[in-house]
Amino acid sequence: MVERQDQSVVGLGLTLAEGRAPLAEVQSVLVSHQTESWMADHRACCRCGAVLAHKDSRSIMMRTVFGKVEIASLRLWECSCGARRGEARRSVSPLSKAIAQRVSPELEYLQAKWAALLPFRQARVNIVAGRATFTDRTPRLYAYIHKQVPSAADRLDQFLHTSEVGPSERVTVISDDAGEFDRAMKCSELARGRLIDWFHIAIKF
């Protein structure tokens, strides 16, 4: 319920903050219902139809026009029908793979529209971006705006965790000589090795 202390007609209607609060609550309930229904249809093996065993659950963050929404993402054990003899079963996160971008199309549109209206001096941001490749998985894109991330190292480790990279796996980063990413690497728990790409090595000579 929204209450006004004065009887002035100058500020008629809801403010943007007042309007976003109830919409954010409605969206949180809607997203939870949608993802639970989606997961109910994706818990069976695509080869034999057996229900996959539940391993654990992690949270993924979805950025929307009405704010961030935390979503429970189940991790399931892969079906034994597709495992090779002698190899340990891996876990899969169907929802995490389905929501790879973690940002709604409406928010992307508004951000692009807003940036197009700004002068270049104001719109310029420091973006860290890359492409992660795995020996047994589909490559994933990695990007963030440096000034909008409280900890670049935590952001990197979060990306690696959602990509199901374990503490015992070797992670080597090939990048330029940017100072921002250098600090992220030094504080990261998972990314321990770093190589400078050939282009920037050549520049140093």
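A search of the whole structure, a predicted model, finds 1 salt bridge (a side-chain nitrogen of Lys or Arg within 4 Å of a carboxyl oxygen of Asp or Glu). The partners are Asp56 and Arg75, whose closest N and O atoms are 2.8 Å apart. Asp56 belongs to strand E1 (residues 54-64) and Arg75 to strand E2 (residues 67-77), so the bridge ties together parts 19 residues apart in sequence. Strands (E, at least two residues) and helices (H or I, at least four) are DSSP runs, numbered from the N terminus. Arg75 is buried at 8% relative accessibility. Asp56, at 25%, is partly exposed. Buried means under 20% relative accessible area, exposed over 50%, and partly exposed in between (1.4 Å probe, protein chains only).

Residues are numbered from 1 along each chain as its sequence is written. Local features need pLDDT of at least 70, side-chain atom pairs count only at pLDDT 80 or more, totals for chains, interfaces and linings use all residues, and side-chain values use heavy atoms, without hydrogens and water.

Thr35 sits in helix H1 (residues 16-40). Its relative accessible area is 11%, which is buried. A polar atom of the Thr35 side chain lies 3.1 Å from the backbone oxygen of Ser32.

The largest nonpolar core has 17 residues. Such a core is a set of buried Ala, Val, Leu, Ile, Met, Phe, Trp, Tyr and Cys residues joined through side-chain atoms within 4.5 Å. Tyr144, Leu156, Leu160 and Ala191 have the most contacts inside this largest core. Helix H5 supplies its largest share, 4 residues. A second, separate core of 14 residues includes Met39, Val69, Ile71 and Val92.

Methods. A polar contact is a pair of N or O atoms within 3.5 Å; within protein, one must be able to donate a hydrogen and the other to accept it, and residues adjacent in sequence count only if both atoms are side-chain atoms.
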